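Here is a short briefing to read alongside the model. Please keep the structure open as you go through the points.

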Amino acid sequence: MSGDILQEILLEFIEVWLHNVIYKVNLYPSQIFRSRYKYNISVKQSAFPALNNYLRNLVLSLQPQLQRQSIHNITLNILQDLEIQESFTLTISYPTETVSDISADPPEKIISSCKDAFRGHIVSVLNCESKQDSIEPSEGRTFSVSVRTSELAGTQMTAWCCESVLETSVAKLVEPLLFTDVGSVRVQSIHRM
């Protein structure tokens, strides 16, 4: 299977994941989200052009690092008056073998397996308990996205970066939502309250 196809699928999944986390935590009125069918389930997507453009540009900016398999974590932080209240992290790991070495399965089967796994991640986000569930969209609430890569100033790092003091001090409860391994990529969703 072409790595380009897998990258396209991952980029699309990251965008769907971001929309659904933002929907889940009530950052914006639910009326700006529309249901659409993806991964054989109903998912939420913003109908607000500025948010859509921001998320799309963010996801497209990840493409070079995804091609180099250097993205490890994508974290969407929910902030109230610039303090992190809650975060959702998507962890991506890559096999050491090339995609063609991993499976003799046809590309369609691998793509189908990826989409099945991604469906589980979206469902787990939409069904998890959030501190924001009962909070109405309000002033002072926003989000930030951070991406942890294995690259620093163009050089390859050999170890994972340690979490920042800010990240570790916020995490009172860490809830693993789902871990999937489809051979060509491993993805884990984590929720911190």
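Predicted model: local features only at pLDDT ≥ 70, side-chain atom pairs only at ≥ 80, totals over all residues.

Residues are numbered from 1 along each chain as its sequence is written, and side-chain values use heavy atoms, with hydrogens and water left out.

**The chain as a whole**
- The secondary structure comes to 6 helices and 9 strands (DSSP runs numbered from the N terminus: H or I of at least four residues for helices, E of at least two for strands).
- Of the 193 residues, 43% count as buried; buried means under 20% relative accessible area, exposed over 50% and partly exposed in between, with a 1.4 Å probe and protein chains only.
- Residues 24 or more positions apart supply 70% of the contacts with a separation of 6 or more, a contact being heavy atoms within 4.5 Å.

**Helix α5**
- Helix α5 (residues 107-127) has 21 residues and reaches 30 Å from its first C-alpha to its last, close to the 30 Å expected at 1.5 Å a residue (that is, 1.5 Å times one less than its number of residues).
- Among the buried residues of α5 are Ile 110, Cys 114, Phe 118 and Val 125.
- Looking down the axis of α5, the buried residues fall within an arc of 160°, so they line one face of the helix; the arc is that of the directions from the helix axis to the C-beta atoms.
- Glu 108 and Asn 127 are exposed, on the face turned away from the buried side of α5.

- Strands β3 (residues 71-80) and β4 run antiparallel and are joined by 8 bridges; two strands pair if DSSP finds at least two bridges between them.
- Leu 79 stands opposite Ile 84 in β4.
- The hairpin has 2 residues between its strands, and Asp 81 takes a positive phi near 50°.
- Strand β4 (residues 83-93) has 8 of its 11 residues buried, so it is largely enclosed by the rest of the structure.

**Gln 69**
- Gln 69 is found in the loop between α3 (63-67) and β3, and at 36% relative accessibility it counts as partly exposed.
- Beyond its neighbours within four places in sequence, Gln 69 is in contact with Tyr 94 and Pro 95.
- Gln 69 and Gln 7 are 62 residues apart along the chain, with their C-alpha atoms separated by 9.4 Å.

**Cysteines**
- Cys 114 is buried at 0% relative accessibility, and Cys 128 is buried at 4%.
- The structure holds 0 disulfides (pairs of cysteine sulfur atoms within 2.5 Å).
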